[in-house]
Amino acid sequence: MSQPFLPFALPEIGEEEIAEVVDTLRSGWLTTGPKAKRFEVEFAAFLGDTSLHCVAVNSATAGLHLALEALGIAAGDEVIVPTHTFTATAEVVRYLGADVKLVDIHPVTLNIDPLAVEAAITPRTKAIIPVHYGGLAADMPAILDVSRRHGLKVVEDAAHALPATSGGRMIGTLDSDATVFSFYANKTITTGEGGMLVTRNAALAQRTRVMRLHGISRDAFDRFSSKVPSWHYEIVAPGFKYNLTDIAAAIGLHQLKKAHAFARRRGEIAARYHEAFGTQGGLPVIPAPQPLTGELHAWHLYPLRLAEGAAVARNGVIERLYADGIGCSVHYIPLHQQPYWRERYGLTAAMFPHSQRVFERQLSLPVYTRMSDGDVQRVIHAVTRAVAEPMG
Ligand SMILES: *Cc1c(COP(=O)(O)O)cnc(C)c1O
């Protein structure tokens, strides 16, 4: 192997992030404090609406759990989730004792299919969790329309979608009940581990702030803080330990400043892939779904699919790419294939034909800011070779 291994994903951490973490370590305030607060304020500004409530948490999973808890999701309820996602989107429903109703995706957009959502609604249905797969916004006008007609809550899993738009509006500023972003190490911006819950609903924001830190009521503290010593606090619920540390927020403050530049670079890489893997490339592949004109795609993932008539199977392509020193992955093994979800709900592949078909033919190519133009070219050459030649 003459060329070094090209990983599937790498974070981009600069001297600014490092200096801010060092400053935090020296400050004496390590956990949730002034930097987490600043990160929340700057996150709302980034989304372009300072009236939004932003609640920093230690993962998107935590944020999704808190949002559903605040919306009153509980045992006996059903929540609709696309099968083509990471298990975190669905597991939070089970944390609360409610049940998950998995639905299929649209074969062109690879996002949750609003018609499948409508067909899955029962008298027990309480909420929908659309996922913006790969960073392409789900069909939010249709999802929000279904939710209004049926009186359902909507919590967006925006783990892939910073920054992305729907109808020209930033994901995070739409009319859903809450939107949750992830800052996991391989996401579009990172804090190592972390997440942000965004909502327009002041009561929901208040409940999630209390529940992210043990159910400690800040209201009680604030009300009495001038009259009683600072050791006083009240527990109003058995809350969780989901707060974001200032060490993590320190990284996030600088990642956020770079988020648009990061997105532009990922967009450039995706455009190169599109040129090579679109119809003019002549390869037996289907390029990633493109955003509508004028919309922002976050390009967290570049999902490539093998077309009908490709001489090589998906697993063979992945093996060849690895042999050429290129990391890639599959997003996702759909939830209906995973033992827990399959067995709990008696699911079969035939119930989710679009997701199943995508799973069998899909691979995710590297798309991250630290890739050079040469790296991108290398991936294109390796994929071209891997899909064009039958197995020897
Ligand atoms: C990464 C991811 C999550 C979970 O994010 P964490 O911050 O790791 O909890 C949830 N949903 C999707 C679709 C993801 O890709």
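**Why these words? Values against cut-offs**

Biologist: Why does Trp-299 count as buried?

Modeller: Its relative accessibility is 6%. Buried means under 20% relative accessible area, exposed over 50%, and partly exposed in between, with a 1.4 Å probe and protein chains only. At 6%, Trp-299 therefore counts as buried. The model is predicted, so local features need pLDDT of at least 70 and side-chain atom pairs pLDDT 80 or more, while totals for chains, interfaces and linings use all residues. Numbering starts from 1 along each chain as its sequence is written, and side-chain values use heavy atoms, without hydrogens or water.

Biologist: What makes the backbone of Trp-299 worth a note?

Modeller: Its phi is positive, about 50 degrees, although Trp-299 is not a glycine. Trp-299 sits in the loop between β12 (285–286) and β13 (302–306). Helices (H or I, at least four residues) and strands (E, at least two) are DSSP runs, numbered from the N terminus.

Biologist: Where is His-214, and why is it called partly exposed?

Modeller: His-214 lies in the loop between α7 and β10 (216–217). Its relative accessibility is 38%, so His-214 counts as partly exposed. Phi of His-214 is positive too, near 65 degrees.

Biologist: What makes Ile-380 buried, and which residues does it touch?

Modeller: Ile-380 has 8% relative accessibility, so it is buried. It belongs to helix α13 (residues 373–388). Leaving out residues up to four places away in sequence, it touches Arg-272, Tyr-273, Ala-276 and Phe-277. Contact means heavy atoms within 4.5 Å.

Biologist: How do you know that α3 is mostly covered?

Modeller: Ten of its eleven residues are buried. Among them are Ala-60, Gly-63, Leu-66 and Glu-69. The cover includes β1 (53–57), α4, β5 (153–157), β8 (178–182), β9 (195–199) and α7 (202–211).

Biologist: Why is α3 called oblique to α4?

Modeller: The axes of α3 (residues 60–70) and α4 (residues 87–95) cross at roughly 40 degrees and come within 9 Å. That makes α3 oblique to α4. Angles under 35 degrees are roughly parallel, over 145 roughly antiparallel, 65 to 115 roughly perpendicular, and the rest oblique. Axes are lines fitted to C-alpha atoms, for helices over the stretch in contact, and angles run from 0 to 180 degrees between N-to-C directions.

Biologist: Which residues make the contact of α3 and α4?

Modeller: Thr-61, Leu-64, His-65 and Leu-68 of α3 meet Ala-88, Thr-89, Glu-91, Val-92, Val-93 and Tyr-95 of α4. By class, six are nonpolar, three polar and one charged.

Biologist: What makes α1 and α9 roughly antiparallel?

Modeller: Helix α1 (residues 15–27) packs on helix α9 (residues 246–277) at about 155 degrees, with the axes 8 Å apart. So α1 and α9 are roughly antiparallel to each other. The α1 side of the contact includes Glu-16, Val-21 and Leu-25, and the α9 side includes Ile-247, Ile-251 and Lys-258. The contact of α1 with α9 divides into five nonpolar, three polar and five charged residues. Ala, Val, Leu, Ile, Met, Phe, Trp, Tyr, Cys and Pro count as nonpolar, Asp, Glu, Lys and Arg as charged, and the others, Gly among them, as polar.
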